[in-house]
Amino acid sequence: MTEIPPAEKAQAEAPHAGQRKHPTDLLKQAALVEFAAHGYEGASLQEIASKAGYTKANLLYHFGSKQGLFEQAVLEALGAFEELVDSLQHLDIGTEDERLVGPFVDFLLQHRLAVHMFVNHRSTGAGEFIATRVDPIIERLVVALSDDDPDRALRIAIGLAGVAYCLANENIPGEANKPEPTRDELVAALTFISATRR
């Protein structure tokens, strides 16, 4: 039988109001905040564990390493991105269509910390994972929407990347807050950039 780490045992036995979150969920959320604020290399496992209310030993018990923690922390976002692309590939739509633009922007807003990592930390220890897991999904999306038109594919790629970059670099934890673009502004920008008109 696997022994439960002391911090988890104490948390499980303590009375809590409302729904209790699983330790791994708390650690993954703290990790996303720390990775976004300090980058993959600068993120401290001790700090992540402390913010989640656990020890570094508890964190390593669940994830094994910083790389393992990073990969598990972004898996939900990756899954959501794959589902989005799968759903869009079956529609006959252009990039100016609300059925593409709205869901893509909603994905960015819901998973902004993971998107920040995908956009900004390709040259770190997380880079290989990002390149092998995220880039193929983006390529599938661009191919599905470009109708074999290289000019349109370029506009789509620029539009998707631009909106993702804009949002990924707004109001990261630990940084001064800046005015954030609204959902409508992001939708309008992506629609304009990737429209099929020359």
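Helices here are DSSP runs of H or I, at least four residues long, numbered from the N terminus. The model shown is predicted.

**View 1. Glu34 in helix α2.** Glu34 sits in helix α2, which covers residues 23-42. Its relative accessible area is 3%. Buried means under 20%, so Glu34 counts as buried. Leaving aside residues up to four places away in sequence, Glu34 touches Gly39, Ala43, Ser44, Glu47, Ile48 and Lys51.

**View 2. The Glu34 and Lys51 pair.** What joins the side chains of Glu34 and Lys51? A polar contact of 3.1 Å does. The pair also qualifies as a salt bridge, with the closest N and O atoms 3.1 Å apart. Glu34, at 3%, is buried.

View 3. A salt bridge forms between Lys28 and Asp25. The closest N and O atoms are 3.8 Å apart. A salt bridge requires such atoms within 4 Å, so this pair is counted. How far apart are the two residues in helix α2? They are three residues apart, which means a separation of about one helical turn. Lys28 is partly exposed, with a relative accessible area of 22%. Asp25 is also partly exposed, at 39%.

**View 4. Asp106 and Arg183, a link between helices α6 and α11.** The side chains of Asp106 and Arg183 form a salt bridge, at 2.6 Å from N to O. Which parts of the chain does the pair link? Asp106 belongs to helix α6 (residues 98-110), and Arg183 to helix α11 (residues 183-194). These are distant parts of the chain, with the two residues 77 apart. Asp106 has 33% relative accessibility and is partly exposed. Arg183 is partly exposed too, at 29%.

View 5. How many salt bridges does the structure hold? There are four. Among them are Lys28 with Asp25, Lys51 with Glu34, and Asp106 with Arg183. Side chains of opposite charge can pair when their charged atoms come close. Lys28 and Asp25 share helix α2. Asp106 and Arg183 connect helix α6 with helix α11.

Note on methods:
Residues numbered from 1 in each chain as written. Predicted model: local features only at pLDDT ≥ 70, side-chain atom pairs only at ≥ 80, totals over all residues. Heavy atoms only, no water. Buried < 20%, exposed > 50% of the residue type's maximum accessible area, 1.4 Å probe, protein only. Polar contact = N/O pair within 3.5 Å; in protein donor to acceptor, adjacent residues only side chain to side chain. Contact = heavy atoms within 4.5 Å.
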